[in-house]
Amino acid sequence: MRQLSFVLLAILVAGASWAQTFKVPPYQKFKLKNGLTVYLMEQHEVPLINVSAVFDAGAVQDGNRYGLSNMTAEALLFGSSKYTKAQLEEKAEYVGASIDTYAGKEVAKLSASFAVKDQDLLFDILQDVITKPTFDQAEFDKYKQRQLLQLTQQKESPRGVVNSYFNRFVYEGHPYANPITGTPTSVSAISVADARQFYLKNYTTDRAPIAVVGDFNTPAMKKRITDLFGGWKTAAATSPKLSDPTVVFDKSRVLLVNKDDARETTFLIGGKGITQNNPDFIPVTVVNTILGGRFTSWLNDALRVNSGLTYGAGSRFATFRNSGTFAISTFTKVSTTTQAIDMALMVLDSLHKTGIDEKTLSSAKNYVKADFPPRYESASELANLLTDMFSLGFDESFINNFQKNVDGLTVARTRQIIDQYFPKNNLQFVLIGKADAIRDKVKKYGVITEKEIKADGF
C-alpha cells in the first residue's frame, strides 16, 4: 500500500509539474497565394497525422434558411470528383482513418486522422472533398429525410433543445439566434443547389485556416500542402463581418415551452456573458468552476447532493466571437419546479453576497490547472487548437500564460469578477415542461411568453 501511494504521489507531482510548464509546441504558420492560412506542427510520438480545416460557414450565415450550414458541411462527404460517398467511407474504414465534418454557430470544420503510411491516399481524399465536392442529389435527399426525422425526435429530449430555445429567446433578430440544425420547415425547403451555392459563397480561402499536426517533416509537408491547395481558386468572401448583437436585459422574462406529457421541468436561467477573447476569460472560468463548473460545485451540491431535487446542476459561459451568455441549467420533477429554481437563484445570490474564500479559490485553481493540459494532449486536439486560434482570434499566449493567470487570481479579484460578469438582475428564464401545472407558479420570475414544443422551430 505504501508503494502504491508513493507511485500515485509521483504521478500527481509529475502531472502538476507538467501542467505548470505546458506551452503550445513549436509550429510554422504561412499563407498560400490564394489566402489560405496553413499551420504545421511536428509531433513524432505516434505515427499519425491529424488535419483540421475551418471555414467561415457556420449557422450565422444561414439567413432564414436555418440548417443550411449544417447540411452543407455534412454534404461535403456525400461524394467528390474522384470518390462516391460509399468509396470515401470504404477507403477510410479500410485503413482505419477518420474524416468528419460539422457546422457550429460561427464556423464549419473538417477534421481527419490517419496513419502516416496512408497519407498519400488520405491527402488525395481530403483535397478532393474540400475543393471538389459534388453534392450528390440522391445522398442529399436521403440525408434530408433523416434530418427531418431527427428534428422531430429531438423535441422528445428537452435537455437537448433547451439551449436552442434560450439562444432564440435572447438573440432574437440576430444570426446568433439561428438554430444550427434548422427547423422542419426550413430544412424541408433546402435543396442540394442551396448547399452548393452556400459552399461556393462561404468556403473561401481568404477566411480559412488548415492545420496539420503529426509525424512528418515540416519542409516536405509544406510542399505537399502547397501542391494540394495552392491552386485552389475560390471567390473572395462576400458575407459581411458579423455585427455585435444588441441584446438588452432590461427586465426579467420567462419563456415557457409547453410539453404536455412532461414529467420533469427542464430549465435554464441566464443572462449576458463574455466573448471568447475577453481578457478575463480565465478568472471567469475559475469562478464558474466553483459556482457550477464541476461535480463538487455549489449548484450541484445544493440541488443534487443536499436536496435531491435533480441528478445534476451546473453553470456555463457560452462564448462567441462577438457575444456570449451565462446560464444555469438543470431539470427537476414538475412538482418541485419553483423549489429548484429558487434554490438555484439562492446559490447565485450567495456567490454575490458572500463571495469566495481562499480555501475554496485554491481548490478551484488546482482543479482548473489539472484539467487544462489534457485538452491539448493529442495531435488532433492541437490541430483543432491551431485553427481555433485563427477563427476565434486568440494566440498562443492564452495557452502559454494559462497557468500563470490562474495562479495570479486573488480573492479580491474574484469579487470584481463576480460583480462584473455574473448576472443577478433581469435574468432570463427558459422552462420546458407541463405549462398548465407550472404557469401560475413561475409568473413570479418575469413576464411570460408561451410556445408549444411541437411547434415548428424554436
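A residue is called buried under 20% relative accessible area, exposed over 50%, and partly exposed in between, with a 1.4 Å probe and protein chains only. The structure is a predicted model, in which local features need pLDDT of at least 70, side-chain atom pairs count only at pLDDT 80 or more, and totals for chains, interfaces and linings use all residues. Residues are numbered from 1 along each chain as its sequence is written, and side-chain values use heavy atoms, without hydrogens and water.

**Confidence.** The pLDDT, the predictor's confidence in each residue from 0 to 100, averages 93 over the chain, and 95% of the residues score at least 70. Residues 1-19 have a pLDDT below 50, and this stretch has five contacts in the model beyond near neighbours in sequence; a contact means heavy atoms within 4.5 Å. Where pLDDT is low, the predicted coordinates should not be read in detail.

**Overall form.** Buried residues make up 53% of the 458 residues. Of the contacts with a separation of 6 or more, 83% join residues 24 or more positions apart. The C-alpha atoms fill a box of roughly 60 × 60 × 45 Å along the principal axes.

Most residues other than glycine have a negative phi.

| Residue | Phi | Relative accessibility |
|---|---|---|
| Phenylalanine 135 | near 50° | 1% (buried) |
| Asparagine 426 | near 50° | 30% (partly exposed) |

Phenylalanine 135 is placed in the loop between helix 4 (119-131) and helix 5 (137-154), whereas asparagine 426 lies in the loop between helix 17 (411-421) and strand 11 (428-433). Helices (H or I, at least four residues) and strands (E, at least two) are DSSP runs, numbered from the N terminus.
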